[in-house]
Amino acid sequence: MALPETVEKEAWSMPTFRVAGKMYLTVPDDETSIAVRCPRHERAELIAAEPEKFWVPPHEAGSSWVRVRLAALEDLGELRDIIVDSWRQAAPERLLGADA
């Protein structure tokens, strides 16, 4: 919620976080992972490099999203970096640079 213009909205019975109406983070029911934006051309490489951390469920294979296993993250700094990166992909140009 600390990122500029972030709003929380429930969708699919789970919390989602949006900027300028675009979703950039969801918290699935089991709360052991989050889903964030990730360009599809980068996703396969990311998953191959750290499969214990990143994955995609079959129903999201055609999307530009990746799941992040929270227990596999090194620390809160890594979590923040992942969330900020996802936010930056959804945020309008006028907000970029305001997330420092």
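Lysine 53 is buried, with a relative accessible area of 2% (buried is under 20%, exposed over 50%, partly exposed in between, with a 1.4 Å probe and protein chains only). Lysine 53 forms a salt bridge with glutamate 74, the closest N and O atoms being 3.9 Å apart (a salt bridge is a side-chain nitrogen of Lys or Arg within 4 Å of a carboxyl oxygen of Asp or Glu). This pair links distant parts of the chain, 21 residues apart: lysine 53 lies in the loop between α1 and β5 (54-55), and glutamate 74 in the loop between β6 (65-69) and α2. Glutamate 74 is exposed, at 65% relative accessible area.

The model is predicted: local features need pLDDT of at least 70, side-chain atom pairs count only at pLDDT 80 or more, and totals for chains, interfaces and linings use all residues. Residues are numbered from 1 along each chain as its sequence is written, and side-chain values use heavy atoms, without hydrogens and water.

**Overall fold**
- The chain has 2 helices and 6 strands (DSSP runs numbered from the N terminus: helices are H or I with at least four residues, strands are E with at least two).
- From the N terminus on, the order of elements is β-β-β-β-α-β-β-α.
- The radius of gyration is 13 Å, in agreement with the value near 13 Å for a compact globule of 100 residues (taken over C-alpha atoms; the globule rule is 2.2 Å times the number of residues to the power 0.38).
- Of the 100 residues, 41% count as buried.

**Salt bridges**
- The structure holds 5 salt bridges.
- Glutamate 60 pairs with arginine 67 in a salt bridge, with the closest N and O atoms 2.9 Å apart; glutamate 60 is buried at 13% relative accessibility, and arginine 67 is buried at 10%.
- Salt bridges with shared partners join Glu50, Lys53, Glu74 and Glu78 into one network.
- Glutamate 5 and arginine 94 form a salt bridge, the closest N and O atoms being 2.8 Å apart.
- That pair links the segment before β1 to the segment after α2, 89 residues apart.

**Negative surface patch**
- Glu42, Glu45, Asp75, Asp81 and Asp85 gather in a patch of negative charge on the surface (patch residues have over 30% relative accessible area and no salt bridge, with like charges joined within 9 Å).
- α1 (40-49) and α2 (76-90) are the elements that give two or more residues to this patch.

- Most residues other than glycine have a negative phi.
- Tryptophan 12, in the loop between β1 (6-11) and β2 (14-19), has a positive phi near 55°.
- Serine 13, in the loop between β1 and β2, has a positive phi of about 60°.

Terms used: Patches are made of residues with over 30% relative accessible area and no salt bridge: like charges are joined within 9 Å, nonpolar side chains (Val, Leu, Ile, Met, Phe, Trp, Tyr) within 5 Å. Accessible areas come from the Shrake-Rupley method with a 1.4 Å probe; for residues, only the protein chains shown count as cover. Lys and Arg count as positive and Asp and Glu as negative; His and the chain ends are not counted. The place of a charge is taken as NZ of Lys, CZ of Arg, CG of Asp or CD of Glu.
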